[in-house]
Amino acid sequence: YFQDDIQREVSVMNIYIANRQGRVVASASNLLPKSNSIISDTITDDVVSGVKTLELSLLETKEIKEFAIPGNFILVGETKMSSDGFLMFQIITATHNRSEYSVSIYAEDVGMDLINRQVGSWKPTGDVTLSQAISQILGVDLGGWVVNYNVPSSMKKGSSYFDYTSEDSALSRLQSVLEKFGLEMYFSYDIKGLEAVERIINIVEHRGSRTSSHLFLYGVDVANIVERKSIEDLATSFILYGADDKLLSAFSDYSTYRNRVITPSDTDFTGTRVHSYKVSGNEVSCVDAPALWGSNIDPDGKISQVKKTEYKSAKLLISYALTELEKVIEASVTYEVTFNRIPEDVAVGDLIRIVDD
């Protein structure tokens with residue numbers, strides 16, 4: 001299973017607290033003597049957003065009370081969760097517990113500052129390369145970021161993919177653009193002399209290894225598995241709107257697909273499908289819906305959702321529906337796994353195998 005995120009307590013944790021000017025003003029450790037003490041620490045790394053969060057509990061000292069405050073930065077050293085050796089966070093909340101003489105910190109990846117940067121509408125007139133899309137979001141100077149392309153920056157998508165009509169945060173727009181290219185990202189920092197020299201956005205085809213190199217046994221390596229099944233997001237039919245709230249049937253190329261049944265082997269549409277779908281009116285619906293979700297109360301098994309998009313052709317709208325319906329046509333299943341041990345070389349995005357008799 002591809003892991004959505006990893007929460008890991010780091011065995012050796014050394015941190016450096018820096019002020020808004022980037023100067024280190026305090027440090028703490030969970031091992032080193034004669035230093036401010038870290039009581040507990042958890043780093044959460046999310047593969048979907050590419051963003052990490054940090055939760056710390058520190059023994060309260062005069063130094064920690066003065067400098068472990070919202071707005072200051074935390075540099076985390078000596079972990080294997082970053083190929084560059086350091087992670088960088090901004091303190092969002094600091095909670096003081098008087099009776100326990102502790103300070104609890106919640107901090108987010110410095111990349112989260114892209115949430116506070118707003119980008120406007122964007123309607124390109126021609127094909128857009130990956131580097132052009134990134135520059136459109138971050139600005140010509142990339143807003144102080146360095147972009148590390150691990151894929152060709154010249155790869156292109158048609159203009160209709162990027163018809164954004166409203167304002168958005170730079171982070172959301174960046175995530176949206178990368179999704180259209182089928183890519184992922186993560187943040188890293190090149191730190192020298194305990195100063196943040198470079199903030200780097202790493203763009204990759206995918207995070208983690210697609211080769212399953214680790215096998216975990218329930219009862220030995222795994223302490224618990226919580227399985228959750230849900231039909232909260234279930235749908236077997238999409239009613240589709242494109243750019244400017246234009247209905248699917250109003251597009252000029254709609255007649256090509258009217259009443260068409262699209263099977264898993266249909267080569268006109270890319271992607272892997274398990275089910276067959278029919279285009280009818282303004283809907284794309286699953287042919288197998290009655291067998292999957294039909295009942296005495298609702299024989300046709302139709303569960304509809306309205307989807308508003310920025311696509312400018314019937315084919316792109318239908319292609320979008322085929323991809324997204326495949327994700328929600330079955331009950332979703334998620335697993336929360338608690339490990340007795342997990343090797344340091346297991347990273348977010350890795351494919352792993354868990355054996356549960």
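Lysine 302 is partly exposed in this predicted model, with a relative accessible area of 39%. Partly exposed denotes values between the two limits that set buried (under 20% relative accessible area) and exposed (over 50%), computed with a 1.4 Å probe on protein chains only. Lysine 302 forms a salt bridge with glutamate 283. The closest N and O atoms of this pair are 3.5 Å apart. A salt bridge requires a side-chain nitrogen of Lys or Arg within 4 Å of a carboxyl oxygen of Asp or Glu. The pair links distant parts of the chain, 19 residues apart. Lysine 302 sits in the loop between helix H4 (289–293) and strand S22 (304–308), and glutamate 283 belongs to strand S21 (residues 283–286). Helices (H or I, at least four residues) and strands (E, at least two) are DSSP runs, numbered from the N terminus.

The model is predicted, so local features need pLDDT of at least 70 and side-chain atom pairs count only at pLDDT 80 or more, while totals for chains, interfaces and linings use all residues. Residues are numbered from 1 along each chain as its sequence is written, and side-chain values use heavy atoms, with hydrogens and water left out.

Across the whole structure, the search finds 10 salt bridges. One of them joins arginine 98 to glutamate 60, with the closest N and O atoms 3.9 Å apart. Arginine 98 lies in the loop between strand S7 (86–97) and strand S8 (102–109), and glutamate 60 in the loop between strand S5 (52–59) and helix H1 (62–67), so the bridge ties together parts that are 38 residues apart in sequence. Arginine 98 is exposed, at 56% relative accessible area. Glutamate 60 is partly exposed, at 21%.

Aspartate 45 and lysine 52 form another salt bridge, their closest N and O atoms being 4.0 Å apart. Aspartate 45 counts as buried, at 3% relative accessibility. Lysine 52 is also buried, at 2%.

Strands S19-S20-S21-S18-S22, in that order, form an open sheet with mixed pairing. Strand S19 (261–262) and S22 stand at the edges with a single partner strand each, so one side of each lacks a neighbour in the sheet. Pairing requires at least two DSSP bridges between two strands. S19 runs antiparallel to strand S20 (residues 277–280), and two bridges join them. Isoleucine 262 stands opposite tyrosine 277 in S20.

Helix H5 (residues 314–328) lies across strand S18 (237–241), S19, S20, S21 and S22. H5 runs at about 150° to S18. Axes are lines fitted to C-alpha atoms, for helices over the stretch in contact (heavy atoms within 4.5 Å). Angles run from 0 to 180 degrees between N-to-C directions.
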